[in-house]
Amino acid sequence: MPVRTLGGRVAGSDAAAIAGPALLALALSLIGITGRSLGFDEGATWAIATQHVPGHGLGAGIAHDGGNMLGFYALEHVLIRAFGDSLLVMRLPSVLAGALTAGFVAAIGLRLFARRAAVLGAVLSAATLSIVYWNQTARGYAAMLAFTCAGMLAFVVLADTPARADTGPRGRWTPVLAYVIAMVLAVYCSFVAVLVIPAQLVALIWRREASRRFLVGLAALLVCAIPLAVLAADRGSGQLFWVSRPDRQVDHQVLESLTGSGLQSSFHPTFLATPGLWITVAAVLAALGCSVLGSRRPGRNAAGARAGAGARAADGEPFAGWGATLVLSWALVGPALVFLYSLVFQPLFQPRNLLTAVPAIAFVLALGICDRRMPRWAAGAALVVALGIRLVPLALSYDVSPEPWNAATRAVLADARPGDCVVFYPEDGHNPFQYYERTARPAGAVAPNSMLPVTGWGEVRSYVERYETLSYARQAALAAACTRLWLVSSHEGQSTGPRRSRRNLKAFDHFRTQLEQLFGRGRVRTYGYASAIHVRLLPGPH
């Protein structure tokens with residue numbers, strides 16, 4: 001005989017509703033998991049987690065990166081030492097985190113809505129390109145999202161747990177402890193996890209009895225994040241120099257990522273990118289309008305304050321309850337605040353920084369599709385459109401390498417000769433190049449001597465945002481020591497970007513001209529699409 005929960009649901013069915021999307025996310029993330037080349041940022045993950053040179057250890061690498069992704073780097077360090085540095089090993093934590101994210105999203109939905117909406121929201125979230133991309137990348141974003149969703153689940157339980165004396169201290173404070181643990185883990189994977197907190201504060205307007213416990217949990221989270229704040233303050237905001245202020249191009253990229261219709265500039269847009277973007281935006285705005293209108297009806301606010309989230313979700317008006325208020329706040333408040341902050345202060349408005357809002361947008365679509373007032377044919381058509389908008393760009397992204405450092409490294413190693421040298425601009429390019437020099441070097445191939453940075457291939461050091469050039473004296477020594485010169489560059493800067501980005505590009509152009517005067521001009525081979533890798537072979541000193 002099936003065991004039912006207090007809300008009357010079959011417990012086994014709820015377990016299946018959580019496990020199904022989690023397994024789907026796991027499958028979607030495992031497809032082609034090693035087919036995509038190690039990227040520029042993944043190279044930094046590998047170098048930071050692998051390095052062991054005195055003065056360049058794990059702690060030094062984390063500190064230089066401002067503490068961001070501290071927890072993820074520590075996990076990667078343990079895994080690499082235990083199982084090696086294959087792409088599968090390095091990316092597997094993100095894959096598993098992606099499955100956990102889908103499971104937590106489904107669990108949130110089961111607490112707030114009917115089972116159909118919960119499952120569909122989790123499925124749409126699991127099939128979103130921006131989420132699957134980070135699930136297949138050795139960076140901290142997938143783990144951050146998983147822990148953030150765990151924190152959101154704890155927040156929902158906290159907000160729906162009455163503060164009555166008969167509830168008991170354990171029942172009142174266990175969700176607070178779970179929230180603190182989940183959110184601490186999230187911020188130690190990536191700072192952007194904090195962007196869900198403003199949405200939670202907005203949602204608490206309708207759950208004021210939970211405010212004191214939530215604020216206690218928030219205070220505990222702030223205390224636990226002090227080490228990160230110290231590292232970030234010491235590092236400063238210089239690592240965000242490349243982020244442009246919001247403009248038409250940036251806005252479009254962010255909306256593509258949030259709606260699941262694409263992921264520029266990492267991948268070329270598909271024919272569904274722009275239509276899918278605006279269809280989803282229109283649906284979210286319509287949901288917001290329905291929520292506002294529903295909240296203004298007589299008795300709605302009082303009923304919403306008395307009823308549980310699940311009860312409000314099943315009364316025929318899916319956008320009138322507290323659950324809808326929460327997911328709309330989750331979808332809109334964080335991105336809106338980041339947009340406004342980026343206009344005035346340090347720009348942060350980038351797709352990766354707003355990843356936490358993607359599951360909420362999936363929930364908004366699911367609520368609309370599962371609205372019982374919608375005709376079945378219309379609901380079916382909306383479901384096909386919502387899945388199509390996501391699955392087409394996702395299917396076309398598999399095994400596509402926006403930054404094919406494997407191909408660029410192979411090309412250099414295939415043509416290099418004894419006496420050749422290589423310089424990287426920025427020095428960060430040395431990280432992924434060294435990974436493939438160590439793991440995929442053809443038999444008998446000769447690796448050019450690294451002169452910028454000056455290091456041997458046998459030791460691993462991390463280089464993060466090192467936009468250095470060579471002095472005239474070092475250029476002269478380079479010309480005397482090297483028969484030919486490989487100039488490998490990527491992320492050189494942007495001609496229309498922020499000031500420091502423009503300055504980096506200007507420095508590179510000047511540096512390249514100086515090297516060409518010493519070694520002659522050579523042909524350029526370009527690899528990739530997003531942040532292209534440029535490989536120049538300068539033939540030798542004149």
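This is a predicted model: local features need pLDDT of at least 70, side-chain atom pairs count only at pLDDT 80 or more; totals for chains, interfaces and linings use all residues.
Local features require pLDDT of at least 70 and side-chain atom pairs pLDDT 80 or more, whereas totals for chains, interfaces and linings use all residues. Residues are numbered from 1 along each chain as its sequence is written, and side-chain values use heavy atoms, without hydrogens or water.

Helices (H or I, at least four residues) and strands (E, at least two) are DSSP runs numbered from the N terminus. In strand E1 (residues 420–425), six of six residues are buried, that is, under 20% relative accessible area with a 1.4 Å probe and protein chains only. Asp 420, Val 422 and Phe 424 lie on one side, and Cys 421, Val 423 and Tyr 425 on the other.

| Partner of E1 | Bridges | Direction |
|---|---|---|
| E4 (residues 484–489) | six | parallel |
| E2 (residues 449–452) | three | parallel |

Val 423 stands opposite Leu 487 in E4, and Cys 421 stands opposite Asn 449 in E2. From E1 the chain reaches E2 through helix H21 (residues 430–439), a right-handed β-α-β crossover (clockwise from the first strand over the helix to the second, with the strands pointing away from the viewer).

Helices H8 (residues 141–160) and H9 (residues 169–187) pack at about 160°, axes 8 Å apart. The axes are lines fitted to C-alpha atoms over the stretch in contact, with angles from 0 to 180 degrees between N-to-C directions. H8 is therefore roughly antiparallel to H9 (over 145 degrees). Contacting residues (heavy atoms within 4.5 Å) include Phe 147 and Phe 155 of H8 and Tyr 179 and Met 183 of H9.

Note on methods:
Buried means under 20% relative accessible area, exposed over 50%, partly exposed in between (1.4 Å probe, protein chains only). Two strands pair if DSSP finds at least two bridges between them. Angles under 35 degrees count as roughly parallel, over 145 as roughly antiparallel, 65 to 115 as roughly perpendicular and the rest as oblique.
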